[in-house]
Amino acid sequence: MSEATFTLDGKTIPFREGQTIMQAAMAAAAYIPRLCYHPGLKPHGSCKLCTVKVNGRHTASCTYQAQPGLAVESDTEELNGERRSLLQMLFVEGNHFCPSCEASGNCQLQATAYELKMMTPHYDHFFPDRPVDASHPEYLLDFNRCILCSLCVRASRDVDGKNVFALAERGIKTRLIVNAESGLLADTNFSADDMAAHVCPVGVILRKRTGFSVPIGQRTYDINPISALPQPKAGES
Amino acid sequence: MTHSFETAARPENLRRVAIDPLSRVEGHGKVTLLLDENNKVQQARLHIVEFRGFEKFIQGRPYWEVPVMVQRLCGICPVSHHLASSKAMDVIVGAKQLTPTAEKIRRLMHYGQILQSHALHFFHLSSPDLLFGFDSDMAKRNIVGVAEKYPDTARQGVLLRKFGQEVIRHTAGKRIHGTGAIPGGVNKSLTVPERDELLKDIGQIVAWSRDAVHLIKQMHNQNSALYDGFGAFRANFMSILGDDGALDLYHGSLRGRDADGNILFDGMDYQDYTALIEEDVKPWTYMKFPYLKSRGPQDGWYRVGPLSRVQNCDAIPTPLAEMERREFIDYSANTPLHAPLGYHWTRMIEMLFAAEMINELLHDDDILGTDLMTSGERAEEGVGVIEAPRGTLIHHYRVDENDLVTMCNLIVSTTHNNQAMNEAVRQVALQYLDGNEITEGLLNHIEVAIRAFDPCLSCATHALGKMPLQVELLDNTGAMLSTFTRSADNG
Ligand code: SF4
Ligand code: FES
């Protein structure tokens, strides 16, 4: 029996039963932009960057089950334009200043913005006031850059079995919190071996004192665009 | 309006404001000349915008971010801020002695910065005034005019600057917003191809730098009355110097001299700079006025930068620059030269020194090494000082046990030179103000005096046009007598 397939921008993509469009595309090394999906974690479908058109209708590819014969569009001017707007909103909602950010070059938000040729933030900056949590001896949390993808929440809860992080409140007020009475990372059992310590796609969960040890220019996405990189396996960021 | 900024509320409370809305003319420098009852210029006030907002901004940030973040402070000498803050953070992480590779890579970066900045200042910004005359046709008095009349000089200026930028790129990773220096060391050394690329041109760079010294020396010699007298005023001067009193722009201890050249203090550890320097505030500006505590606010102000350094040191440790230093000292007959235009000559001597230092470092295999980092016992407080192109640059931080910055104090070169620049402007006004009217001629001369200090004001480094500048004249009651404004584009 021949393998089940669908098409992505005209290219044939094989899939196994139960795979999402995103999973099948990643297995076939086809790039669909994404920020809140990680292969080692249950999809969350919140960032909407992976939105594709399936038979003419918008849907999040990280949650949509692949089916034989689907015609999926992803790399189109229309969809990329929508993705750029989503990215621009993420940039203005937080405080992202790439030239002095230690995650620059390793940041998926930045790399995706380059990939999709986002030139300016376009919208007015919110400049939210979000103090950092430096209480933990080995890790720093710089909430200024949180895009609320919930990868750390899922990693800590579902893989590390710890529940260190949570999203609190709703809508525009949603924010990432640390599950401790004090609200401080030092008062949790978070550790450097946790998946949650390595899963943040931006520059929130940072190993202390190592910020700029790798020169800008020699980092992951400085060398290859995000679309060209091998897809991360479960447990890697 | 004049009245309102004379009596601005307690400036201590306003220090954090980045932009003084009253004294700032958008994109302009502004100078106020105040007359006494005999209509003699009694005071000159240069209004400049300082970067105080940054000191607040950096609080609560992790210390390792600071050397990268501070480059936002100043688009004009980011590398100097990068290195001064890295040196302060070395103290925080207990890196008492960097590895030879780290130390030499940082020095290379710094001398690259000196070279590019001095070349930019001399060739792009000042040579038009010096070559064509302060009052010459505005349309010609720019680098384009220089390129027409003196094509070799202009070309060399451009290439000298470019070379300095290449040194920065290879050592800092990028030409701007580099990350080369990190607390405790550097994150990269040079590869052999990078080194060889720089080695290929360095001989030419040294030769051109020497030509540049000769050019300014010749101008000085040909018109010594103008060059020695223009805006001249006596002042104390200060810089850091290396061991044994030799010129060292990267590291050393503080030495200060009085206007006669007598040593006031020497070998002072800059970690204790607060014992030496106090910062005065004035009601008319948020910019501070540092002075030497021992001499008090009246007499304790001082000058920094090339003119101070070259006269403060006992020797320059590279042969060609040392020869030039000796000629300079002979010219001034062994007493300190206090002429603002002497900045240009000494600046070019320093550029030659930087070129020779780069040459030396490029022949040192340590710059190819792999041992990049060191650390030791953590400290809570650290001061980093460097001789930036424009003068002594002080970065001072406190960092808490969670690694966050709790205090930051910066004294930038232009702040050290604050009173000195006012004094130079006053002298020029005394020499050139005719009657009660501000003329374009006076404005041109004031501009030349300010520019000699190479202040880090965006208006002063206006690339091709002339400095956008407003000069106003007030009588002893504060009433405006005359004003003259030149914008960047109408000039
Ligand atoms: S901290 Fe990072 S991983 Fe967690 S929600 Fe924010 S952006 Fe996502
Ligand atoms: S990756 Fe699918 S919604 Fe974020």
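## Basis

This is a predicted model: local features need pLDDT of at least 70, side-chain atom pairs count only at pLDDT 80 or more, and totals for chains, interfaces and linings use all residues. Residues are numbered from 1 along each chain as its sequence is written, chains are lettered from A and ligands numbered from 1 in the order in which they are written, and side-chain values use heavy atoms, with hydrogens and water left out.

## Two domains of chain A

Chain A is assigned domain 1 (5-75) and domain 2 (82-222). Such bounds come from an automatic or database domain assignment. The C-alpha centres of the two domains of chain A are 24 Å apart.

## The interface between them

Domain 1 and domain 2 of chain A bury about 1,500 Å² between them, with 62% from carbon and sulfur atoms. Buried area is the accessible area (1.4 Å probe) that two parts lose on being put together, summed over both. On the domain 1 side, A:Leu35, A:Leu41 and A:Leu49 supply 42% of the area buried against domain 2, more than any other three residues.

## A histidine in chain B

B:His344 sits in helix α15 (residues 342-362) of chain B. Helices are DSSP runs (H or I, at least four residues), numbered from the N terminus. B:His344 counts as buried because its relative accessibility is 2%; buried means under 20% relative accessible area (1.4 Å probe, protein chains only). Leaving aside residues up to four places away in sequence, B:His344 touches B:His121, B:Phe122, B:Ser126, B:Leu130, B:Ile216 and B:Ala452.

Notes
Helix = DSSP H or I, 4+ residues; strand = E, 2+ residues; numbered from the N terminus. Buried < 20%, exposed > 50% of the residue type's maximum accessible area, 1.4 Å probe, protein only. Contact = heavy atoms within 4.5 Å.
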